[in-house]
Amino acid sequence: MYSVGNLIKARLEALTPLAGWSVRLGTDDGARTAVPMVDVRLAGLSALPSRNTAVSVQPGWQITLGVRRSATAAEQLDAVFAAVIASLHNWAPGQSAGRGWERLQLSGAVDAVFADEGLCGVTLTFTTSALYEGQD
C-alpha cells in the first residue's frame, strides 16, 4: 500500500508547474523546511468486504501544497492545485507491491495547517482501492 505513495510522488515531480518545488513523502528521511513544498502521505484507510475471503482496502492519500505567505501565494497555489488535480484525478497507479490499484478520485480538500505561521496551503485527499485476500 505504501508503494503507491512512491508512484504519486514520481508523477508529481514530473509536473512542470511543480518545477523547483520540494516533493516529499511522509516516509522520506531528511529536513522538511524547503518551500514551496508538496507533502504526500497516507491519511488512513477504510475497508469494505468484497467477497467471503477478501477485503477492498481504500487508502486516502493526502497531498499538501505549501508556500510562503506573500502577495503571489494565492496564484502559486491556484496553479499547482489545478495541476495536481489534472495529474492525479482519475489516474490509475496500476500494479504496485503485487496489487492492482484502482483510479485515484479526489474526495476533498481543506486548508492546510502548518506549525510555521509563515506558510499557507491546501491539503487534497485522493482515494484509491485494491483487493486484499484473507483466510478461507
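The model is a predicted one. Its protein chain is built from two helices and eight strands, and going along the sequence these come in the order α-β-β-β-α-β-β-β-β-β. On one side of the story is strand β3 (residues 54–68), which runs antiparallel to β7 and is joined to it by nine bridges. One of the residues involved is Val 67, whose bridge partner in β7 is Cys 120. Strand β6 (residues 105–111) also pairs with β7, again in the antiparallel sense, over six bridges. Here Asp 111 stands opposite Val 122 of β7.

Next come the aromatic side chains. The count of aromatic pairs comes to one. The partners are Trp 101 and Tyr 132, with ring centres 6.5 Å apart and planes at 70 degrees; an angle over 60 counts as edge-to-face, so that is what this pair is. Trp 101 belongs to strand β5 (residues 99–101) and Tyr 132 to strand β8 (residues 130–133), so the contact ties together parts that are 31 residues apart in sequence. Trp 101 has a relative accessibility of 4%, and because buried means under 20%, it counts as buried. Tyr 132 has another neighbour too: Arg 99 lies over the face of its ring, at 3.5 Å from the ring centre.

Then there is the largest pocket, with a volume of about 170 Å³. Its lining includes Arg 24, Arg 32, Arg 41 and Arg 68, along with Asp 39 and Asp 116. Also among the lining residues are Thr 33, Val 35, Met 37, Phe 114, Ala 115 and Leu 119. Sorted by class, that makes six charged, five nonpolar and one polar residue. Strand β2 (residues 37–51) gives the largest share of this lining, three residues.

A few backbone spots stand out. Most residues other than glycine have a negative phi, and most peptide bonds are trans. Val 35, one of the pocket-lining residues, is joined to Pro 36 by a cis peptide bond, with omega at about 5 degrees. Pro 36 sits in the loop between β1 (22–25) and β2.

Two residues show a positive phi without being glycine. Asn 90 has a phi of about 75 degrees and is found in the loop between α2 (73–88) and β4 (94–96). With a relative accessible area of 40%, Asn 90 is partly exposed. For Ala 97, phi is near 55 degrees, and this residue lies in the loop between β4 and β5. The relative accessibility of Ala 97 is 57%, and because exposed means over 50%, Ala 97 counts as exposed.

Conventions:
Residues numbered from 1 in each chain as written. Predicted model: local features only at pLDDT ≥ 70, side-chain atom pairs only at ≥ 80, totals over all residues. Heavy atoms only, no water. 1 Å grid on protein atoms, 1.4 Å probe; cavity = no way out; pocket = protein on both sides within 12 Å on 5 of 7 lines; lining within 4 Å. Points joined across faces, edges and corners; volume = space filled by probe spheres on them. Helix = DSSP H or I, 4+ residues; strand = E, 2+ residues; numbered from the N terminus. Nonpolar A, V, L, I, M, F, W, Y, C, P; charged D, E, K, R; others polar. Phe/Tyr/Trp six-rings, centres within 6.5 Å; stacked < 30°, edge-to-face > 60°. Buried < 20%, exposed > 50% of the residue type's maximum accessible area, 1.4 Å probe, protein only. Lys NZ or Arg CZ within 6 Å of the ring centre and 35° of its normal. Pairing = 2+ DSSP bridges.
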